[in-house]
Structures are given as structure tokens and as C-alpha cells.
Amino acid sequence: MKNSLVIGPEALPALADFVRQRAPSRLFVLADTNTARDCYPLLAPHLPAHEQLTIAAGEEYKTLATCGQVWAWLTQHQADRHALLVCLGGGVVTDLGGFCAATYKRGVACAVLPTTLLAQVDAGVGGKTGVDFEGFKNHIGVFQEPAGVFIDPGFLATLPPAELRSGYAEIIKHALIADAAAFADLGGLDAAAVADWTPIIRHSVALKEQIVALDPHEAGPRKLLNFGHTVGHALESYLLTQAGREVRHGEAVAAGLICESWLSVQRGLLPAAELAEVQEVVGAAFGKISFITLETEAIAAYAVQDKKNRGDVINCTLLRGLGHGVFDQPITLAEVAASLQYYNSI
Ligand SMILES: NC(=O)c1ccc[n+]([C@@H]2O[C@H](COP(=O)([O-])OP(=O)(O)OC[C@H]3O[C@@H](n4cnc5c(N)ncnc54)[C@H](O)[C@@H]3O)[C@@H](O)[C@H]2O)c1
Ligand SMILES: [Zn+2]
């Protein structure tokens, strides 16, 4: 049976129908402190009797200790294998809740209600679940598609603008690797002033779903989704070690999109004029991240540790023209550092 995916203002009524039809033995709703306050009041009227648990908000709580809280709560309320867990939140809640559901009694059904733009276009779809462990991101987890994903852009009304921008980087990424026309449409967009995200989210999710369907467990084409993330993740990890200079994932990815587009030009894969277009679209939404040239090698060193690599080779996704990603492109540490120097110079 195809899992449900509903995107738009009809998402919450659709979830209500989904719950009615599944008739779970018990219903559970997991939120974090922010989504319990801002999103749960919009959701609750659509649900029959249920239990609700609020976990602390933030990536630092995406841990096995928090999973312990969730599993204990399910146990206390006698969740059996016909229970349904609704995960209401950003990527932290959907990753962690999905993992808890996939492992509790070897698996109970889960419905995902992503409430950040990042989770609505990325974390909430594609079936990757998990938690961080001993400082390593998403170190423990499983692939497990939820029974349903219900995306209501109405939740974005309370999202801080910086969080909105963070998700927008993934929308740019999906267009760059898979749809040149969608990328061209982003040209005139002011992400801070979008009145209705529904069509943009629908299209971005469709692009991700097409790629995931080809390769659910990331043996090949799913690596396209890592575009911008080799350099972006290195920058994010490095700045995390520099007190007061931390950046959001999407901000780092936005810089990574420019760096990796520049690398694509160096390889003769991308015309220079198309790099200029990437810079224009990214630059319209994101400020520059500052670092000094002396830091580029230290930042690049983080790219070697990326879990997508094999041995010492840094495997990167590059662009063969706008809208066409190519995965498994080996690049060197020096090239990563050079791309950061380029970013610094523009
Ligand atoms: N599974 C995947 O394929 C995948 C893909 C990308 C990212 N991720 C994961 O997603 C996580 C990041 O997700 P995120 O950016 O959504 O972070 P997040 O879940 O921490 O949410 C960001 C902040 O926004 C708050 N928030 C959420 N929705 C809100 C709303 N509607 N109104 C007001 N505040 C709201 C949250 O409480 C939190 O403080 C990371 O852990 C990352 O590893 C997973
Ligand atoms: Zn990302």
C-alpha cells in the first residue's frame, strides 16, 4: 500500500481521516516545547482522544536518552503494535520520533507532521530516522518510511525567519540537482515574503521523492541530495567548535551550494554563467558566512570525516549544468579549501 502524503491546507483534515480509517488501538502525539506551544493547538481539534508528550527542543536533545523518555511513555500507556505515533515538529522530532516508532516493539506505525520548512521539504520525507550519538550526527538510526506524511504549511506562520531560511536552502538544492526550470522560478522569489508555500513545498518534495524512489537506501542516486553538503557540513561542523560563530544547517548548506557549484566549474561541468546564477539566488536569501583564509584548511579537514566518504576519498555531488546533479565525484582536500577561498573572495 502506498503511504499517504498530503501537502497543503487540507493536511490536518486528511490526517483526521487517516486516523479514523486506521483506527489505531491508541494514539500518541510527540512534540517539542515549541511545537507543543505553537502547533499542537492547531492539531488537537482534528484528533480523537490521545496521549501527548513534550520533549525539550533542540538538536542537543536528539539523543538515545530522549528516546528512552519516549519508549517509557509508550510503555506506561500500554502502546501495543497497533498504536499510532504522530510526530509533530521539525527534523529533530520527526527523526527521533520516527526512530522510536520504528524500534518500539519492533515497530509501530508513525505519522509525520513536519512543522519547519526544512522538515516539510527534507527531513519529513524519505524515510531516514535516527538520533545523534557521542557527538556524531545521525549515528544511530534506521530507514523506515512513515505510514503517512501530512504537511500543513500553515504551521510555518510561527517559525522564526532564520529557521525558514534554513529550509529554503534545501529547496534551492533540490532544484539545482533535478529541475532547472524550478531553479529559474526561484530567481525572483523573496523567501521571507512568500504568502503561500504550498506549491513550492509540493514541487520540492516531489523532486526529493523521485530521487529517493530510485534509491531508498542511498547506494547511488540518493547521494545527489548531498549536493552542497560536503563543504556545507564541513563549515557547519567547524563553526560549531568556534564559540559564538555557530550557523544554522541551511546557512552552511547555502555556502556549500556556491562552493560546490564553483568546483563544478573547475571540473568543466558547469558554465561560469550558471555559477553566477547560483550566487544570485543564494545571495538573495542568505548573508555571507565569515571566516578568514587561514581557516579554510581547518574547515576543509572536516570534509574528510564525512560519513558519505569511502576511505580517504572525498565523494562529492557536483552539477553538470543547472538541474543536473552528478554523484560520486572524487575531490581533494585542497579543492575543498580552494572552493572556500573562492566563496570568501566573492
Ligand atoms: N531524515 C532526514 O532525511 C533529514 C534531512 C535533513 C535534516 N534532518 C535532521 O533534521 C534536523 C533539523 O531539523 P529542523 O531544522 O527542523 O530543526 P528542529 O527540529 O530543531 O526545529 C528548529 C526549531 O524550530 C522550532 N519549531 C519547529 N516548528 C516550529 C513552528 N512551526 N513554530 C515555531 N517553532 C517551531 C523547534 O522547536 C526548534 O527550536 C537535524 O537533526 C537533521 O539531522 C533529517
Ligand atoms: Zn541538509
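1. With a relative accessibility of 0%, Leu-113 counts as buried, where buried means under 20% relative accessible area, exposed means over 50%, and partly exposed lies in between, using a 1.4 Å probe and protein chains only. Leu-113 belongs to strand 5, residues 109-114; helices (H or I, at least four residues) and strands (E, at least two) are DSSP runs, numbered from the N terminus. Leaving out residues up to four places away in sequence, Leu-113 touches several others, including Leu-12, Leu-43, Val-86, Phe-150 and Phe-155, contact being defined as heavy atoms within 4.5 Å. Leu-113 and Phe-155 are 42 residues apart along the chain, and their C-alpha atoms are separated by 9.5 Å.

2. A word on the basis of these remarks: this is a predicted model, in which local features need pLDDT of at least 70 and side-chain atom pairs count only at pLDDT 80 or more, while totals for chains, interfaces and linings use all residues. Residues are numbered from 1 along each chain as its sequence is written, chains are lettered from A and ligands numbered from 1 in the order in which they are written, and side-chain values use heavy atoms, with hydrogens and water left out.

3. The UniProt record, an unreviewed entry, lists residues 53-165 as "domain: 3-dehydroquinate synthase N-terminal"; UniProt positions are given in the numbering used here, feature names are shortened, and annotations may be inferred rather than shown by experiment. In the model this span is 34% helix and 29% strand, and its end C-alpha atoms lie 28 Å apart.

4. Gly-90 sits in the loop between strand 4 (84-89) and helix 5 (91-103), and it counts as buried at 10% relative accessibility. Setting aside neighbours within four places in sequence, Gly-90 is in contact with Thr-115, Thr-116 and Ala-119.

5. How do helix 11 and helix 12 lie relative to each other, roughly parallel or roughly antiparallel? The axes of helix 11 (residues 249-266) and helix 12 (residues 272-285) come within 9 Å and cross at roughly 175°, which makes helix 11 roughly antiparallel to helix 12. Axes here are lines fitted to C-alpha atoms, for helices over the stretch in contact, with angles running from 0 to 180 degrees between N-to-C directions; angles under 35 degrees count as roughly parallel, over 145 as roughly antiparallel, 65 to 115 as roughly perpendicular and the rest as oblique. Among the residues making the contact are Leu-257, Ile-258 and Trp-262 of helix 11 and Leu-275, Val-278 and Val-282 of helix 12. The contact residues divide into nine nonpolar, two polar and no charged, where Ala, Val, Leu, Ile, Met, Phe, Trp, Tyr, Cys and Pro count as nonpolar, Asp, Glu, Lys and Arg as charged, and the others, Gly among them, as polar.

6. In helix 13 (residues 296-304), the residues Thr-296, Ile-299, Ala-300 and Ala-303 are buried. Seen down the axis of helix 13, its buried residues fall within an arc of 95°, so they line one face of the helix; the arc is that of the directions from the helix axis to the C-beta atoms. Their cover includes helix 10 (229-240), strand 9 (314-319) and helix 14 (333-345).

7. Two backbone angles deserve a check. Most residues other than glycine have a negative phi. Glu-218, however, has a positive phi of about 60° although it is not a glycine; Glu-218 is placed in the loop between helix 9 (198-214) and helix 10 and is buried, with a relative accessible area of 17%. Asp-328 also has a positive phi of about 60°, but Asp-328 is in strand 10 (residues 325-331) and counts as partly exposed at 33% relative accessibility.
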